[in-house]
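Here is a walk through one protein chain, with the sequence and the model to hand. Have a look at both, then read on.

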Amino acid sequence: AAEKERAGADDTGPLEVSRFQPAGNVPLAPHLSVTFSKAMVTVTSHQDLANARPVRLTPEPPGEWRWVGAKTLLFAPQGRFPMATDYRAEIPAGTRDARGGTLAKAVAFAFSTPPPTLVGWYPRDGPASRDPLLVVAFDQRLAEESVLASVRLQAGGKSFAVGAG
C-alpha cells in the first residue's frame with residue numbers, strides 16, 4: 001500500500017524541475033545534477049538511458065551523462081568542469097517524463113568557475129640579473145600560450161619580449 005501511495009503521488013501534479021546544481025559562482029564544479037519531480041526514464045539498458053538526456057549544457061566539456069535513479073540526471077565531466085568558464089544549462093519546455101507529462105516552461109540556470117589568480121612570481125622585490133629567469137604561478141592550470149600572450153615585461157621605461165624557456 002505504501003508503494004502505491006508513493007507511485008500515486010508521483011502521478012499527480014505537473015512535471016517540474018525539483019532542484020539543480022551547481023548555480024552561480026562556484027570555486028569548483030565536480031558535476032552537474034538535475035532532479036525532476038517525476039520519473040523521467042524507465043529502467044532499461046544503459047545505452048537507452050544514456051540517450052535520454054533532456055538537459056542542454058553549453059559549453060559541454062568531455063564527460064558522461066548518466067541517470068541516478070529515474071528522476072536525477074548527472075553529468076560528470078572528465079576530471080572537473082574547466083575553470084574560467086561560464087556555463088548555461090537548460091531544460092526546454094515540452095520535455096516529457098516517462099509517462100508522457102510535459103514540462104510547462106523551460107528551466108535554465110547558469111554557473112561560473114573562477115578565472116585564474118596570480119599566486120606568486122619571481123623575481124620579486126629586488127634586483128635581478130640582466131637575463132633573468134621569470135616565473136609566474138597561478139591557482140589553476142593554464143595554456144602556456146595564453147599566459148605568454150598576456151604578459152608584459154617593462155623595466156627602465158622599455159618593454160621587452162617574453163618567451164617560453
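The largest pocket has a volume of about 650 Å³. This is a predicted model, where local features need pLDDT of at least 70 and side-chain atom pairs count only at pLDDT 80 or more, while totals for chains, interfaces and linings use all residues. Residues are numbered from 1 along each chain as its sequence is written, and side-chain values use heavy atoms, with hydrogens and water left out.

Back to the pocket. A pocket here is found on a 1 Å grid over the protein atoms alone, as an open set of points where a 1.4 Å probe fits, with protein on both sides within 12 Å along at least five of seven lines; lining residues have an atom within 4 Å of a point. Grid points are joined across faces, edges and corners, and the volume is the space filled by probe spheres set on the points. Of the 23 lining residues, Pro132, Leu133, Leu134, Leu153 and Val162 are the closest to the centre of the largest pocket. Which elements give two or more residues to this lining? They are β9 (118-122), β10 (135-138), α3 (144-150) and β11 (153-155), and β11 has the largest share, with three residues. The lining divides into 17 nonpolar, three polar and three charged residues; Ala, Val, Leu, Ile, Met, Phe, Trp, Tyr, Cys and Pro count as nonpolar, Asp, Glu, Lys and Arg as charged, and the others, Gly among them, as polar.

Arg124 and Leu134 are ten residues apart in sequence and 9.6 Å apart in space, C-alpha to C-alpha.

Zooming out, the chain has three helices and twelve strands, taken as DSSP runs numbered from the N terminus (helices H or I, at least four residues; strands E, at least two). Of its 165 residues, 27% count as buried, where buried means under 20% relative accessible area, exposed over 50% and partly exposed in between (1.4 Å probe, protein chains only). The chain exposes about 11,200 Å², of which carbon and sulfur atoms supply 53%; the areas come from the Shrake-Rupley method with a 1.4 Å probe, and for residues only the protein chains shown count as cover. As for contacts (heavy atoms within 4.5 Å), residues 24 or more positions apart account for 52% of those with a separation of 6 or more.

In soluble globular proteins, nonpolar side chains tend to be buried together. The largest nonpolar core in this chain has 23 residues, and Leu32, Leu57 and Ile91 have the most contacts inside it. At least two core residues each come from β3 (32-36), β5 (63-68), β6 (72-77), β7 (86-91) and β8 (107-112). Such a core is a set of buried Ala, Val, Leu, Ile, Met, Phe, Trp, Tyr and Cys residues joined through side-chain atoms within 4.5 Å. Leaving aside neighbours within four places in sequence, Ile91 is in contact with Val17, Val34, Phe36, Pro54, Val55, Leu103, Ala106, Val107 and Phe109.

Ser33 belongs to β3, and, leaving aside neighbours within four places in sequence, its contacts are Arg19, Phe20, Gln21, Thr72, Leu73 and Leu74. Ser112 is found in β8; not counting residues up to four places away, Ser112 touches Gly24, Asn25, Val26, Thr85 and Asp86.

| Residue | Relative accessible area | Class |
|---|---|---|
| Ser33 | 11% | buried |
| Ser112 | 16% | buried |
| Ala84 | 43% | partly exposed |
| Arg124 | 44% | partly exposed |

Ala84, in the loop between β6 and β7, has a phi near 55°, a positive value in a residue other than glycine. Leaving aside neighbours within four places in sequence, Ala84 is in contact with Thr113, Pro114, Pro115, Pro116 and Gln140. Ala84 and Gln140 are 56 residues apart in sequence, yet 9.4 Å apart in space, C-alpha to C-alpha.

Then come the cis peptide bonds. The bond from Gln21 to Pro22 is cis, with omega near 0°, and Pro22 lies in the loop between β1 (17-21) and β2 (24-25). Thr58 and Pro59 are also joined by a cis bond, with omega about -15°; Pro59 is in the loop between β4 (56-58) and β5.
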